[in-house]
Amino acid sequence: MGTWGVGLYQDDSAADLRGMIATLAKLPASGDRILQIILDNWNEPVGLGDDNGPTFWLVVADQFERRGIACTKALDQALTAIDTGADLRDLQARGAEPNDLKRRGKLLSELAKRFRSPRSPRPQPKRSKPPPLVVETGEVYRFPTMEDKAFNPYLPSWEKGGFKGDGFKPDGWGALLIVAVGRAFDWFPWCAASALTVDPARPPSLDDVLGARFISEEQRGNYIVPRRNHAKKMGLELVGRLKLDSAKTADALPTAHSPQIAVVIGWTFSPEARSWRGRPGNGVRVSDLLASQ
């Protein structure tokens with residue numbers, strides 16, 4: 001069980017859910033559709049009698065109301081969690097003291113007022129076309145690494161990067177193969193990428209990549225949300241483009257998660273972007289994915 005507190009967002013899962021909704025709020029879809037996407041991709045029980053279930057509905061209702069996303073079900077479930085005492089019982093079961101419950105009760109009272117008189121719905125986002133894919137299937141990128149890890153693009157700069165805040169100082173190289181691209185929920189771009197077993201002592205060439213394997217033997221890389229600004233901050237450089245066989249790459253996609261999960265969580269190129277050292281292992285051979293000439 002993660003950390004929790006009296007405040008609505010002192011709960012670990014609540015903070016994750018808030019981030020998910022921030023992403024999905026950009027989708028040109030109704031509140032009902034956004035809620036269904038959340039439910040389809042949330043890996044914890046959400047019943048009002050489940051551990052942390054009431055908090056789920058309070059967070060969804062709070063975020064939807066703040067953002068002007070109309071969704072009757074979210075508001076109704078949240079109000080039921082408040083009116084029936086389900087939320088307070090849940091916190092009590094998790095060890096909340098009487099004073100904590102009193103403070104939570106005050107918070108719930110304020111939330112209930114908002115949920116019963118929500119702000120006017122916002123206009124549904126309208127865009128003529130979805131965001132660009134950013135990368136293409138078969139593209140190969142190289143990038144600098146420090147202690148076998150690429151720069152974390154969520155940090156402000158190389159000067160303030162590194163693992164102790166003393167700067168990102170490259171001492172090696174890595175390479176990524178874009179195995180597939182697509183769109184989650186018919187809108188958000190994703191890519192499947194895998195780090196490769198290239199020599200970290202020098203910038204890899206396309207020939208180096210053709211003789212390489214995937215570093216990951218079981219997971220086979222990661223699903224990623226490609227962002228131009230992240231690629232730029234990490235120093236990703238396009239080496240070339242390989243013509244891949246779609247049937248072969250279908251058997252070489254990541255297995256641990258899904259593109260939808262990557263999008264709602266917001267995974268970036270790191271930590272998949274990394275250097276390789278040691279034995280090549282049994283990862284997928286890049287040459288085995290090429291289309292026949």
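## Packing of helix 5 and helix 6

Helix 5 crosses helix 6 with right-handed geometry. On the side of helix 5, the contact is formed by Asp87, Leu88, Leu91 and Gln92, and helix 6 contributes Leu101, Arg104, Gly105 and Leu108. Sorted by class, the residues of this contact are four nonpolar, two polar and two charged. The model is a predicted one.

Helix 5 covers residues 86-93 and helix 6 covers residues 98-116. Their axes lie 10 Å apart and form an angle of about 150°. Angles over 145 degrees count as roughly antiparallel, and helix 5 and helix 6 are therefore described as roughly antiparallel to each other.

## Packing of helix 3 and helix 6

Helix 6 also packs against helix 3, at an angle of about 45° and with the axes 11 Å apart. The two helices, helix 3 and helix 6, are therefore oblique to each other. The crossing of helix 3 with helix 6 is left-handed.

From helix 3, the residues in contact are Thr55, Leu58, Ala61, Asp62, Glu65 and Arg66. They meet Arg104, Leu108, Leu111, Arg114 and Phe115 of helix 6. By class, this contact of helix 3 with helix 6 comprises five nonpolar residues, one polar residue and five charged residues.

## Aromatic pairs and a ring cluster

How many aromatic pairs does a search of the whole structure find? The search returns six. Tryptophan 42 is in the loop between helix 2 (31-41) and helix 3 (53-67), whereas phenylalanine 56 belongs to helix 3. The two residues are 14 positions apart, and the pair links distant parts of the chain.

Phenylalanine 56 also pairs with tryptophan 57: the ring centres are 5.1 Å apart and the planes stand at 90°, so this pair is edge-to-face. Through such ring pairs, Trp42, Phe56 and Trp57 are linked into a cluster.

Histidine 230 lies in helix 8, which spans residues 228-234. Its relative accessibility is 4%, so histidine 230 counts as buried.

Which residues does histidine 230 touch, leaving aside those up to four places away in sequence? The contacts are with Pro153, Tyr154, Thr268 and Phe269.

## The chain as a whole

The chain contains 10 helices and five strands. Along the principal axes, its C-alpha atoms fill a box of roughly 65 × 45 × 35 Å.

Of the 293 residues in the chain, 47% are buried. Among the contacts with a separation of 6 or more, 76% involve residues 24 or more positions apart.

Key: Residues numbered from 1 in each chain as written. Predicted model: local features only at pLDDT ≥ 70, side-chain atom pairs only at ≥ 80, totals over all residues. Heavy atoms only, no water. Axes fitted to C-alpha atoms, helices over the stretch in contact; angles between N-to-C directions. Helix = DSSP H or I, 4+ residues; strand = E, 2+ residues; numbered from the N terminus. Parallel < 35°, antiparallel > 145°, perpendicular 65-115°, else oblique. Left-handed = near helix turned anticlockwise from the far one by under 90°. Contact = heavy atoms within 4.5 Å. Nonpolar A, V, L, I, M, F, W, Y, C, P; charged D, E, K, R; others polar. Buried < 20%, exposed > 50% of the residue type's maximum accessible area, 1.4 Å probe, protein only. Phe/Tyr/Trp six-rings, centres within 6.5 Å; stacked < 30°, edge-to-face > 60°.
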